[in-house]
Amino acid sequence: MVNATPRVSVVLPAYNVAGSLPAAVTSALNQSLASVEVVIADDGSSDGTAEVAADLARGDPRVRVLRAHRNAGAAAARNRAMKAARGDWVALLDADDRFAPDRLERLTMLGEARDADVIVDNLRLVDAAGEVWHNALREDDPLFGSELTAAAFVCRNLFLTGGFKLGYLKPLFRRRFLEAHDLRQNEALRIAEDFHFLLDCLLAGARVVADPEAGYDYRQAPGSLSRELSLADLRTLSAANRALLSLHEVRTDKVLYKALTRRQWSADLNINFMLFVEALKGRRMLAAGSIFARNPDLTPFLAFYGLESLRKRLPGGRRLV
């Protein structure tokens, strides 16, 4: 018999991931913490993902499947799963990724001992073949030495800068905190929805506790819900950031306002960078020159990405100079 109130609900959005879904679900079910449920939110898949999910549910009563008839994005899928979640804690898992066997037990014990609303841990970066590269963050990273603030979180999530972005973390959320503040992911976003969700939690006063041990294998693989940036994605993200800048609690926090202003600048600069590259790819040199003239701040970022990287994106691999 399945416990009506599991300790953790694992929320798993799934879109055309029939091949990787079983391993992800198995990593959630084979935890040292037995009181777990997995809520798979199929996002209108067309490749057999829904059938694979149904088979997993038949094989273990701790698995539930929510089906959508059209693709609405990862945020919408997670929101459906979170609404159906019954656990004390809600854990995010993507279909390409895996949990370490003791992750949920370790993090829930830490979260309850520290009276946390949100728990994060380190990630192991893994390639498509499953080979581990390295941990995303060093053990002496500032995240693990002090309580995370909204301003510090935003400062670690700027576009066109180096370093691991904290928006890629895969937290556990105390479900009663999410419900008390009516927190949901922004379904207009197709990128950075996890960043905005954690930031919303911080703005609502969440106490975030971080563990330097890596318990989440994060990989990029074909067919994942992660997407490359598009202009439409970036423009939606820029609008979401501008909306944050208009909030009273943001405007009255000078450090946070400055951080979000910097993120706005970096998002808009990224938009202009993509417009610049598109103009070059289309051999519209006057347009490219006009974009560059209006945005001289592009100069260091062209150096950051490198002329060779840009060359490879041009038709026929043509050189810029």
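These legends describe close-up views of a predicted model.

View 1. Strand β1 covers residues 8–14, and seven of its seven residues are buried. Val-8, Val-10, Leu-12 and Ala-14 point one way from β1. Ser-9, Val-11 and Pro-13 point the other way, and the residues of both groups are all buried. The strand β2, residues 36–43, pairs with β1 in the parallel sense, over seven bridges. Within this pairing, Leu-12 has Ile-40 of β2 as its bridge partner.

**View 2. Val-10 and the largest nonpolar core.** The largest nonpolar core is made of 74 residues, and Val-10 and Leu-21 are those with the most contacts inside it. Helix α7 (residues 193–203) gives the most to this core, supplying six residues. Apart from it lies another core, of 21 residues, including Leu-234, Val-277, Ala-288 and Ile-291. In soluble globular proteins, nonpolar side chains tend to be buried together. Leaving out residues up to four places away in sequence, Val-10 touches Ala-28, Ala-91, Leu-93, Phe-99 and Leu-104, along with Val-36, Glu-37, Val-38 and Val-39. Val-10 is also one of the residues of β1 that are buried.

**View 3. Helix α7 and the residue Gly-205.** Helix α7 is largely enclosed by the rest of the structure, because nine of its 11 residues are buried. The buried residues of α7 are Glu-193, Asp-194, Phe-195, His-196, Phe-197, Leu-198, Leu-199, Cys-201 and Leu-202. Just after α7 comes Gly-205, which takes a positive phi of about 95°.

**View 4. The second largest pocket.** This pocket has a volume of about 180 Å³. Its lining is formed by Asn-79, Met-82, Lys-83, Val-90, Arg-175, Leu-178, Glu-179, Asp-182, Leu-183 and Arg-184. Helices α3 (74–84) and α6 (175–180) each supply at least two residues of this lining. By type, the lining residues divide into five charged, four nonpolar and one polar.

**View 5. Asp-182 in the loop between α6 and α7.** Asp-182 is among the residues that line the second largest pocket, and its place is in the loop between α6 and α7. Its phi is near 50°, a positive value in a residue other than glycine. With a relative accessible area of 63%, Asp-182 is exposed, because exposed here means over 50%.

**View 6. Arg-283 in the loop between α10 and α11.** Helix α10 covers residues 254–281 and helix α11 residues 285–294, and Arg-283 lies in the loop between them. Arg-283 is not a glycine, although it has a positive phi of about 55°. This residue is exposed, with a relative accessible area of 52%.

**View 7. Trp-133 in strand β7.** Trp-133 lies in strand β7, which covers residues 132–135. The relative accessible area of Trp-133 is 56%, so the residue counts as exposed. Not counting residues up to four places away in sequence, Trp-133 touches Leu-125 and Asp-127. Trp-133 and Arg-219 are 86 residues apart in sequence, while their C-alpha atoms are 10.0 Å apart in space.

Key: Residues numbered from 1 in each chain as written. Predicted model: local features only at pLDDT ≥ 70, side-chain atom pairs only at ≥ 80, totals over all residues. Heavy atoms only, no water. 1 Å grid on protein atoms, 1.4 Å probe; cavity = no way out; pocket = protein on both sides within 12 Å on 5 of 7 lines; lining within 4 Å. Points joined across faces, edges and corners; volume = space filled by probe spheres on them. Helix = DSSP H or I, 4+ residues; strand = E, 2+ residues; numbered from the N terminus. Nonpolar A, V, L, I, M, F, W, Y, C, P; charged D, E, K, R; others polar. Buried < 20%, exposed > 50% of the residue type's maximum accessible area, 1.4 Å probe, protein only. Contact = heavy atoms within 4.5 Å. Core = buried A, V, L, I, M, F, W, Y, C linked by side-chain atoms within 4.5 Å. Pairing = 2+ DSSP bridges.
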